[in-house]
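Q: I have a model open and want to learn how to read it. Can we go through it feature by feature?

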Amino acid sequence: MTWKPIIINLETSGRQTIHGPYAALMALMIDWPCDTIVSRLAMTACLEAIDAPGAARAAAAWKAFSSSVSDASVDAQRRHPLPFVKRHAFSQSAREISRPTAP
């Protein structure tokens, strides 16, 4: 499992997108609204994912951080913030822009 971005809104630092265990650890250590066993377990899981990268540890860190978000009643969206855009739409526009115009 790759890390699924989680958008959180904290009172102290505002809205941020957590893209991985390092960002999650920083949010937990610096801006987290409460210090509970759930947040401590999430910190530990994030540290383990940073120290020994791998899909299993990343998945465990994501689940632990997600649980900490719920436990702390932090406003969050557990989805990617931007929709995927088809690639050909960009290349078609680039071709149209690069066409020489007649005088």
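Q: What share of the contacts in the protein chain with a separation of 6 or more comes from residues 24 or more positions apart?

A: Start by saying what kind of model this is: it is predicted. Then take the contacts with a separation of 6 or more. In the protein chain, 52% of them join residues 24 or more positions apart.

Q: How many helices and strands does the protein chain have, and in what order do the elements run?

A: Count first, then read from the N terminus. The count is four helices and three strands. The order is β-β-α-α-α-β-α.

Q: What percentage of the residues count as buried?

A: The cut-off to keep in mind is under 20% relative accessible area. The protein chain has 103 residues, and 31% of them count as buried.

Q: What does Phe 65 touch, not counting residues up to four places away in sequence?

A: Sequence neighbours are set aside here. What remains for Phe 65 is Trp 3, Ile 6, Ile 8, Ile 18, Ala 24, Leu 28, Trp 32 and Ala 42. C-alpha separation is another reading. Phe 65 and Ala 45 are 20 residues apart along the chain, and their C-alpha atoms are separated by 8.2 Å.

Q: Which residues of helix 1 are buried?

A: The general idea comes from helix geometry. An α-helix has 3.6 residues a turn, so residues three or four places apart point the same way. Now the case here. Helix 1 covers residues 21-31, and its buried residues are Pro 21, Ala 24, Leu 25, Ala 27, Leu 28 and Asp 31.

Q: What do the buried residues of helix 1 pack against?

A: Look for the partner elements. The buried residues of helix 1 pack against strand 1 (6-10) and strand 2 (14-18), as well as helix 2 and helix 3 (55-71).

Q: How do the axes of helix 1 and helix 2 cross, and which residues meet?

A: Read distance, angle and hand, then the residues. The two axes come within 9 Å and cross at roughly 145°. The crossing of helix 1 and helix 2 is left-handed. Helix 1 brings Pro 21, Tyr 22, Ala 24, Leu 25, Leu 28 and Met 29. Helix 2 meets them with Ser 39, Ala 42, Met 43, Cys 46, Leu 47, Ala 49 and Ile 50. By class, this contact has twelve nonpolar residues, one polar and no charged.

Q: Why are helix 2 and helix 3 called roughly antiparallel?

A: The angle between their N-to-C directions decides. Angles over 145 degrees count as roughly antiparallel. The axes of helix 2 and helix 3 cross at roughly 155° and come within 8 Å. Helix 2 and helix 3 are therefore roughly antiparallel to each other. Their crossing is left-handed.

Q: Which residues of helix 2 and helix 3 meet?

A: List each side in turn. From helix 2 come Val 38, Ser 39, Leu 41, Ala 42, Ala 45, Cys 46, Glu 48 and Ala 49. From helix 3 come Arg 57, Ala 58, Ala 60, Ala 61, Ala 64, Phe 65, Ser 67, Ser 68 and Asp 71. The classes are eleven nonpolar, three polar and three charged.

Q: Where does Ala 45 lie, and what is Ala 45 in contact with?

A: Now zoom in on one residue. Ala 45 lies in helix 2, residues 37-51. Its relative accessibility is 12%, so Ala 45 counts as buried. Beyond neighbours within four places in sequence, Ala 45 contacts Ala 60, Ala 61 and Ala 64. Trp 62 is 17 residues from Ala 45 in sequence, and 8.4 Å away, C-alpha to C-alpha.

Q: Is Ser 39 buried or exposed?

A: Ser 39 is found in helix 2. Ser 39 has a relative accessible area of 1%, so it is buried. Not counting residues up to four places away in sequence, Ser 39 touches Leu 28, Trp 32, Cys 34 and Ser 68.

Q: Where does His 19 lie, and what does His 19 touch?

A: Loops are read in the same way. His 19 lies in the loop between strand 2 and helix 1. His 19 touches Trp 3 and Pro 5, not counting residues up to four places away in sequence.

How values were computed. Residues numbered from 1 in each chain as written. Predicted model: local features only at pLDDT ≥ 70, side-chain atom pairs only at ≥ 80, totals over all residues. Heavy atoms only, no water. Helix = DSSP H or I, 4+ residues; strand = E, 2+ residues; numbered from the N terminus. Buried < 20%, exposed > 50% of the residue type's maximum accessible area, 1.4 Å probe, protein only. Contact = heavy atoms within 4.5 Å. Axes fitted to C-alpha atoms, helices over the stretch in contact; angles between N-to-C directions. Left-handed = near helix turned anticlockwise from the far one by under 90°. Nonpolar A, V, L, I, M, F, W, Y, C, P; charged D, E, K, R; others polar. Parallel < 35°, antiparallel > 145°, perpendicular 65-115°, else oblique.
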